[in-house]
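Subject: Structure for your review

Dear colleague,

Please find below the structure that I promised to hand over to you.

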Amino acid sequence: MGHFLKVKGLNEVMAMVPWFRVMDSEVINISQASSRVLAQNIRASNDIPGFRRSTMDGYAVQASSTFGASESNPAWLTIAGTISMGESPEFAIRAGEAARISTGGMLPRGADSVVMVEYTEEVDESAIEVYKSVAPLHNVIECDEDFKKGQDILGAGTLIRPQEAGLAAALGIYELPVHRIPRVGIISTGDEIVPVTATPSPGKLRDINTYTLGGLVQASGAVPVPLGIVKD
C-alpha cells in the first residue's frame, strides 16, 4: 500500500506546467470576450481620448485670463459661444474670453483650462464673472492622457474583464484574439463512490469530487469534462 502514499509536492506539480502546450487562439467578438485570455498584445492605433476634453461643467478659458481672480476681485470674461456635446468647436478662445462647456466636451482652440461653473456667475448673455483662478490644464484631460498612439495597452495573457473589453471598444476594436478554452477531464476514483443520483448503501459515498472540481474548473475559465467514476 506504500505506493499509494507517494504523492507529488506542489513545486513538483508546478514544474510540470511547461509540459502542457499553450492553447491555440481564435478571434471572437468583444461581446463574447469576458473571462477569456488575450492571445496577442493590443496596441493603441490612435491617441485616447483624441482631443482635449473638459472634466467639469463650466467655461473653457485661457488660464491666464483668470490669474488673480477672487470673490472680491472677479475676472470679467466675454462669452464667445457655447460648445455642445459631441461638437467640434469652430471658434477659438482668445484672452479675456470664455465658452460654455459640459463635462466631456471638446475644448476650442486657444483654451487650455476649464473654470467650474460653481466659481462663475453670468452677468448677462455676453459676459461672466470668475471668482477663482485656474492653472493651465486645470479640469482638462489631454488628448493622449489615457493612451498614446503606438502604446501597448493590453498584453498577451491578460484576462479580459468588462473594462478591457470597453478599452478595446474605445479603440474601435470589435474582435479580439483569445486563447481557446481549455477542457479539463475529471475522474472520481474509489470503490466506495456511487453516482450522486444513487442512495449510498453502508460504506458507500456519493460522488462529490466531480461537482466540486467541476465548479473550480469553471471558475478558472475552463470547461469541465466529467469522465465518470473509476474503481480503485
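Two strands are said to pair if DSSP finds at least two bridges between them. With that in mind, strands β5 (residues 75–82) and β6 (residues 97–101) run parallel and are joined by four bridges. Within this pairing, isoleucine 79 has alanine 98 of β6 opposite it. Please note that the whole model is predicted.

Threonine 78 has alanine 127, in β9, as its bridge partner.

Strand β9 (residues 127–130) pairs in turn with strand β8 (residues 120–124), in the antiparallel sense and over four bridges. The two strands β8 and β9 form a hairpin, with two residues between them. Aspartate 124 faces alanine 127 of β9 across this pairing, and threonine 120 stands opposite valine 130, also in β9.

These strands belong to an open sheet of six, in the order β7-β4-β6-β5-β9-β8, and the pairing is mixed. Which strands stand at the edges? They are β7 (113–116) and β8; each has a single partner strand, so one side of each is left without a neighbour in the sheet. On average, and ignoring direction, neighbouring strands of this sheet are turned by 40 degrees against each other. In a regular strand, side chains alternate between the two faces of the sheet.

Helix α2 spans residues 162–170, and its residues Glu164, Ala165, Leu167 and Ala168 are buried. Why are they on the same side of α2? The reason is that they cover an arc of only 155 degrees around the axis. Just after α2 comes glycine 172, with a positive phi of about 80 degrees.

The largest nonpolar core has 17 residues, of which Ile153, Ile160 and Leu176 touch the most other members. Two or more residues of this core are given by each of β11, α2 and β12. The largest share, three residues, comes from α2. When residues up to four places away in sequence are not counted, isoleucine 153 touches Ile42, Ala44, Phe147, Leu167 and Leu171. Another core, of 12 residues, lies apart from this one, and its members include Tyr59, Ala75, Ile79 and Ala98.

In helix α3 (residues 209–219), the buried residues are Thr210, Gly214 and Val217. They cover an arc of only 60 degrees around the axis, which puts them on the same side of α3. The face turned away from this buried side carries Leu216 and Ala219, which are exposed. Among the elements that cover the buried residues of α3 are β13 and β16 (223–230). Just after α3, glycine 221 has a positive phi of about 90 degrees.

Serine 188 lies in strand β13 (residues 183–189). Is serine 188 buried or exposed? Serine 188 is buried, because its relative accessible area is 3%, and buried means under 20%. The side chains of serine 188 and threonine 210 make a polar contact at 3.1 Å. Leaving aside neighbours within four places in sequence, the contacts of serine 188 are Asp207, Asn209, Thr210, Gly228, Ile229 and Val230.

Asparagine 139

Asparagine 139 is found in the loop between β9 and β10 (140–141). With a relative accessible area of 13%, asparagine 139 is buried. A polar atom of its side chain lies 2.9 Å from the backbone oxygen of valine 114. Which residues are in contact with asparagine 139, leaving aside its neighbours within four places in sequence? They are Arg53, Ser54, Thr55, Met56, Val114 and Met116.

Yours sincerely,

A colleague

Notes:
Residues are numbered from 1 along each chain as its sequence is written. This is a predicted model: local features need pLDDT of at least 70, side-chain atom pairs count only at pLDDT 80 or more; totals for chains, interfaces and linings use all residues. Side-chain values use heavy atoms; hydrogens and water are left out. Buried means under 20% relative accessible area, exposed over 50%, partly exposed in between (1.4 Å probe, protein chains only). A polar contact is a pair of N or O atoms within 3.5 Å; within protein, one must be able to donate a hydrogen and the other to accept it, and residues adjacent in sequence count only if both atoms are side-chain atoms. Contact means heavy atoms within 4.5 Å. The arc is that of the directions from the helix axis to the C-beta atoms. Axes are lines fitted to C-alpha atoms, for helices over the stretch in contact, and angles run from 0 to 180 degrees between N-to-C directions. A nonpolar core is a set of buried Ala, Val, Leu, Ile, Met, Phe, Trp, Tyr and Cys residues joined through side-chain atoms within 4.5 Å.
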